[in-house]
Amino acid sequence: MLALICLLTLGVAPAPAPAPAPPVPQRGAGQSHLVVITGLGGESKYREAFHEWASQIVGAAEGSGLSRSNIAYLGEKPERDPDLIGARSTRENVVATLRQLAATAAPADQIVIVLIGHGSYRDGVARVNLPGPDMSAADFAPLLDGFATQKIVFVNAASSSGAFIQALSGPNRIIITATRSGGERYETQFGRYFAEALASDGAGAGRAGGAGGADLDKDERISVLEAFTFAQREVERYYETDNRLATEHALLDDNGDGEGSDEPGPEAPDGALAGAVYLVSGPAASAEQATSDPRLADLYAEKRQLEEEIEALRAIKSGMEASAYEQQLEELLVRFALNARAIRELTEQVP
Amino acid sequence: MRPRILPRSLLIAVAMALGATVGPAWAQGSQGSQGPQARRSAAEEALRTGDYEKAVDEYARHVRRAPNSAVAVRGLVAALKAIGEYRQAEKAALRFNADVPSSPELLNPLGEVLHLQGKRDEAAAAFARAIALDASDSLTARVNLAELNYERGRRAEAMAEFDRFIDIHNAGSSFSVAELVAIGRALRYLGIDDPRLYKDALRVFDEAIAADPTDPEPRMRVGELFLEKYNSAGAQEAFAEVLQLSPNHPGATLGMAQRAHFDGSSEAFELTRKSLEVNPNLVAARVFLAKLYMEAEEYDEAAEEAERALSVNPASLEALAALAATRFLQGDRPGFEEARSRVLSLNPRYAGLHVTLAEASARNRLYKEAAEFARGAVELDPTSWSGYALLGVNQLRLGAIEEGTQNLEVAFTGDPYDIWTKNTLDLLDTFVEYAETRSPRFLFFIDGVESELLTLYFSDLAEEAYERMSRDYRYEPATPIRVEVLRTHADFSVRTIGLAGLGALGVSFGTVIAMDSPGAREIGHFNWGSTFWHELAHTFHLGMTDHRVPRWFSEGLAVYEERRARPGWGGDATPGFLVAYLQERLLPLSELNNGFVRPTYPQQIIHSYYQASLVCEFIADGSGFQALVDMLDAYRNGLGTSQAVELVLDMSVDELNDAFFEYFEQRFATPLVALAPSADPREQAAPTPEAIERRARANSGDFAAQLSYGHILFREGRHEEAEIFLTQAKELFPEYAGPGSPYWYLALTFKERGSYEAAAAELEALIAINGRDYGAHLELAALRQEIDDPAGAAAALDRALYISPGGMQVHERLAELAGGVGDHEMAIRERRAIVALDPTDRAEALYQLAAAYYAAGELGDARREVVRALEYAPNFEKAQELLLTLHAQRSGDR
């Protein structure tokens, strides 16, 4: 079983390169910043649920080494958990937090903003309900504009959140909403499963229902796309299991066209950027970047070479005889597995 | 070219000329003191309002006073006709014609009553004279004559005449109600070739209604048109309006009966009889009653009704067709041929004969014969759209999907109002989303989304059922048997009867079975495994008897087969069933078929299923299973139930009935006594908790009181006290395992106390009776795990999958349990099910499947699946290690 040390390290997947990976992360690769905002619960059951989901996200980040100074949690009732909740989630505090972050973040930093709560949609305007004045997409737009060079992951898990995509879409931005429109007004489950995606270990051990974890390709990292896919599928299953009509349909936009996709993927209009931005990385991924051992560096190079070959083979699958494809794939996968085993053996020798 | 559609503006002009406005008929009803009602005589009023006796008396009085009054004699003829006194009516008309030879006014009425008695030549002559002499009702005479010609098979001549009515209408400026009705009738025939004209017919009838809202005739025509065009609600409304005007109207009462039959209501029999009370010579009602008897498999009664219709009108094609169908179903070949040749001698192109035969055959599960008859209909008459529809739908039932679809397309083009055909074609359009899979003897046709999952379970169960039944019956139905698993209940219903709303769960057409998908109903509403087993049993029974097994025996035997297949399958005794016995509502064996085809109370069908299964069980227990097989042989040889029982069991049906109910009373002796208070109407009112407590404490033999008070105590948290009453309830009626059963509450009580073994025993007992309780199966599995009985837990979950195979968690649990106890086959099946459910973490699911194959020693499959897992997630460490292990083993083998 994998033993992931979850690091909430927002980072773009290193592109396969023929040269050995740099031994340490280079300066300028950027830090990550997490801002979690929970809105008005209305009832205690929602307040508790929102706090639980937010705590899971923050906990995953803290537990995996993201500096506390890089995390901000604004909640409805800071007294509920003063150690965790930094401030009340009023509009004023949200604005101040994001402005301050915009002022201090380095150009290559990456910003993750997660909104959890209830939304509303009236007179064509979608809002997230906060203590005091609510905030609309138009309110968030100038705040996000403050991050001119940074990558932004903006997740609105509230009801009626679909309308946020159009307003916030842009280059270098991944916008995720729990609903496909402002008209989907009922309470949402997306936040719960998005939090679960980040909090789960890579193998999904212990998860009921055979759903496994969110690390769908088992590379010890959870990309934004994987977290979205996991949450979206689990939401679907939630409604199917309860034999109810789904009242939320999550969307993801990362190509800046202002149109969310419900089936994002590497080949789809949306999903390429989300597939290359990681929310959680395991030790192996970190070790690859950090290695100074030339034997390991060779093995990593071989690994990347094999990854490319596997990818190239998969790309021509439809044009091949099934048996030939399977045979070639198996041969590559055996070599790949042997390479992985060799890397593990070497890295395990490190004290 | 003549415009085929009547101009709307012209219709309005006609209506205006008549002093009416176009609009809802009843809006025209109030016309003050100058309205038609005020101008009518008492006789006419009596005739219109259905007081036929008075109408006859009044008109007879008028005729005695003025024997040469055409109005009076016409009224008398109409009144006599309404009550079926056709000969009297004929005499009255003839007398007038003899007395007033210069008047043509009674020629058409005479023709009508002659026609009703099958005197076709004389009727035709009377109509022709009425036309020639330009009688005031000559337009009605023209349509009557054209209809008569159509009925004789002179189709071209008749249609040409009907066609002229469009000219007549378009050229005219003022028509009476009767004339508008005549035009509408002609348009209705023209609709056969051009269905758009049905709308015109309806519009003309509406004009007639607007012209005189108190005349029942045009409303009758509207009702009949709606009925013909499958619009039950429209027909109901029109006939109800007629009955408001004329409460005894036999035609409208019959229309209501036909509407009820269309909607599957059991009122059809009663309403038809009611119409015959007013007019015992109403041939259409006799024919309809014959059809109802045929559907009830009461062929002697059906033949009697057809013969009675023919005694009124020996030339009635419909009555002869009904007689032919009855004789066919009775296996009376000479009788069938005689009736058939009589029909064809009257009208060699009468497709209605074959349509009736096809309908009757299909209703009696003779689908092959139905298709053959329907083919005969379309060969005789290429415009027999109902023939094409019957051909298509029965071909579908025989598994000829492509041919059936083509014929339904033809039917729909000719008659786009046919809702059955339209629904079926819509369903067929969805078949592209279905996938075909096979097992050795079966072809499964399942929605592509669930095909992979369901095939895992259907194929094993189907092969097991076929093996077992072919061994027991020593009969092997032709294979492959096509099993269609429809994704919604509405689709299943359309597949079966062409309409939504069928209450059944599955159907066997022989070697084609259709049924609800497990996902088509809420969990707990049915057990798909037992439903499939039931339908496959029908496949055997239909095949063994050439589809001649009566409904009660087929259903009873199929339910009995369910019970033989698995504990908890195949129905169980409910309080309602036993109370029905106490209230003497269970049917004697000689009438048990009626419980299926003509139920008289809502639960009677369900009760009849279970009762019939008990009869089969009783026969098997007393005379051996072979006796049931011998009964099937007897049915195949054309014997009825009485003869079959006599031959196989050497007793009369009444003797079998007595013996069965003696056995019944012994078998349910305790619960029958314990339920006696429930059968008392005074106990039906909802009692207060205090009253329940008093009853429970006062009478420990009152099941309902013991159970209800046990529930009350349980809800109040007084579980130890509840246990006493629940235990007592269980002892009083141990067969009861339905909602709120003592077993369930006792299991919860024991579980709470930590007595897991005892709790599990209660649930084992529950599911051994009630195989539909999903929650009980899951709870039992959890309890079995608690007491370290993984095999027992796996068995409970395995049985739960026959209720709902779609629960990911259940598959996960079962896979782990099966793997743990070394049941590799089940573990593999469950891992395959998880993959089929399209899990979010597909790589993990594929790896687990590979691991299950590996554990079972199936290394080739293991390698294939682990490669699939790694194709999706190349970095998956566990899968990599398994692949390397497999690779090393293979290298070592080399």
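This is a predicted model: local features need pLDDT of at least 70, side-chain atom pairs count only at pLDDT 80 or more; totals for chains, interfaces and linings use all residues.
Residues are numbered from 1 along each chain as its sequence is written, and chains are lettered from A and ligands numbered from 1 in the order in which they are written.

- Two packed helices are described by the angle between their axes and the distance between the axes.
- Axes here are lines fitted to C-alpha atoms, for helices over the stretch in contact, and angles run from 0 to 180 degrees between N-to-C directions.

**Chain A as a whole**

- Chain A has 10 helices and 13 strands (DSSP runs numbered from the N terminus: H or I of at least four residues for helices, E of at least two for strands).
- Of the 351 residues in chain A, 48% are buried (20 or more other C-beta atoms lie within 10 Å of the residue's own; 12 or fewer make it exposed, and anything in between partly exposed, with C-beta atoms placed from the backbone).
- Among contacts in chain A between residues at least 6 apart in sequence, 67% join residues at least 24 apart (two residues are in contact if their C-beta atoms, placed from the backbone, lie within 7 Å).

**Strands in chain A**

- Strands of a sheet pair through backbone hydrogen bonds, either parallel or antiparallel; here, two strands pair if DSSP finds at least two bridges between them.
- Strand S5 (residues 110-116) of chain A has seven of its seven residues buried, so it is largely enclosed by the rest of the structure.
- Both faces of S5(A) are covered, with A:Gln110, A:Val112, A:Val114 and A:Ile116 buried on one side and A:Ile111, A:Ile113 and A:Leu115 buried on the other.
- S5(A) pairs in the parallel sense with strand S2 (residues 32-38) of chain A over seven bridges, and A:Ile116 is the bridge partner of A:Thr38.
- S5(A) also runs parallel to strand S9 (residues 151-156) of chain A, joined by six bridges; A:Val114 has A:Val155 as its bridge partner there.
- Elsewhere in chain A, three strands form an open sheet in the order S6-S7-S8, with antiparallel pairing.
- Strands S6 (119-122) and S8 (135-136) of chain A stand at the edges of that sheet with a single partner strand each, so one side of each is left without a neighbour in the sheet.
- Strand S7 (residues 125-128) of chain A pairs with S8(A) over two bridges, where A:Arg127 stands opposite A:Ser136.

**A sheet in chain B**

- Five strands of chain B form an open sheet in the order S1-S2-S3-S5-S4, with mixed pairing.
- Its edge strands are S1 (434-438) and S4 (506-508) of chain B, each pairing on one side only.
- S4(B) and strand S5 (residues 512-516) of chain B are antiparallel, paired over three bridges, and B:Ser508 stands opposite B:Ile513.
- Helix H27 (residues 489-497) of chain B packs on the sheet and touches strand S3 (481-486), S4 and S5 of chain B.

**Where the chains meet**

- Contacts link 25 residues of chain B with 31 residues of chain A.
- H48(B) gives the most to chain B's side, with five residues.
- The chain B residues on this side divide into 13 nonpolar, six polar and six charged.

Methods:
Ala, Val, Leu, Ile, Met, Phe, Trp, Tyr, Cys and Pro count as nonpolar, Asp, Glu, Lys and Arg as charged, and the others, Gly among them, as polar.
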